[in-house]
Amino acid sequence: MNSVKKKRIDKMVVKEHVVLAAAKAFTQKGIKTVRMDDIAAGLSISKRTLYELFHDKEDLLLDVMKLHREEMQEYMTQVASKAENVLEVLLKFFQRNVLDFQHTNRRFFEDIEKYPKVVRYIDESRKENLDSAMEFYKKGVEQGIFRRDVNYNIVRVMVCEQMDLLLRSEICKSYSPGEIYETVVFMHMRGISTEKGLKIVDDFLLNFKGDERNKCG
């Protein structure tokens, strides 16, 4: 292996380690409180090396968000390959999001608004997710799981919009983002489901609650 290729591979490995370390630090402590110096020190690399890989914290945060999206897409592909219906896929997606919210410091959601490139990326990703969700809703209607008398163009936007509003409201002082997300999601899922779909939702929620209690115990 020539030296140029080896250096390129080494650089990619270091970059992956930085993104993983930053993702953990940002979600646990918030973005603002984590300095680039802290990340460099935690990985025993120089600040110069870090800034050769990332222009600034926003570039690093952007890669963190891209990694999260890639991991979610991979997870959803695995779920879809085994699922019996679209509702099962959507519920697994929501479950994964609830767990992400539960393990993320509230400051993360407050701080992220200060990074315009990252906000744009999130908005673009959300639009793609909404388009994918529309296909799931249509298929769910065909499978007799979702109601036909619902405007899914409204539904697909509603969850995201409500989450954004609630995360900026006073309710966040009383409840965790995970609890808020779980309530919003299952309220919508039950609202659009047929009798057949309701049984799937309620069984899933019952198992989910049971898993949560077992973890606490």
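Hi everyone, here is a short tour of one predicted protein model.

Some ground rules come first. Residues are numbered from 1 along each chain as its sequence is written, and side-chain values use heavy atoms, leaving out hydrogens and water. As this is a predicted model, local features need pLDDT of at least 70 and side-chain atom pairs count only at pLDDT 80 or more, while totals for chains, interfaces and linings use all residues.

How confident is the predictor? pLDDT is its confidence in each residue, from 0 to 100. The protein chain has a mean of 86, with 91% of its residues at 70 or more. Confidence is highest in helix H2 (residues 36-42), at 95, and lowest in helix H10 (residues 195-216), at a mean of 75. Helices here are DSSP runs (H or I, at least four residues), numbered from the N terminus.

Now look at helix H9, residues 177-192. Its 16 residues reach 23 Å from first C-alpha to last, close to the expected 22 Å; that expected span is 1.5 Å times one less than the number of residues. In general, an α-helix has 3.6 residues a turn, so residues three or four places apart point the same way.

Finally, which loop holds Ser-44? Ser-44 sits between H2 and helix H3 (47-53). Ser-44 has a positive phi of about 55° although it is not a glycine. Most residues other than glycine have a negative phi. Ser-44 is also exposed (over 50%), with a relative accessible area of 69%.

Terms used:
Helices (H or I, at least four residues) and strands (E, at least two) are DSSP runs, numbered from the N terminus. pLDDT is the predictor's confidence in each residue, from 0 to 100. Buried means under 20% relative accessible area, exposed over 50%, partly exposed in between (1.4 Å probe, protein chains only).
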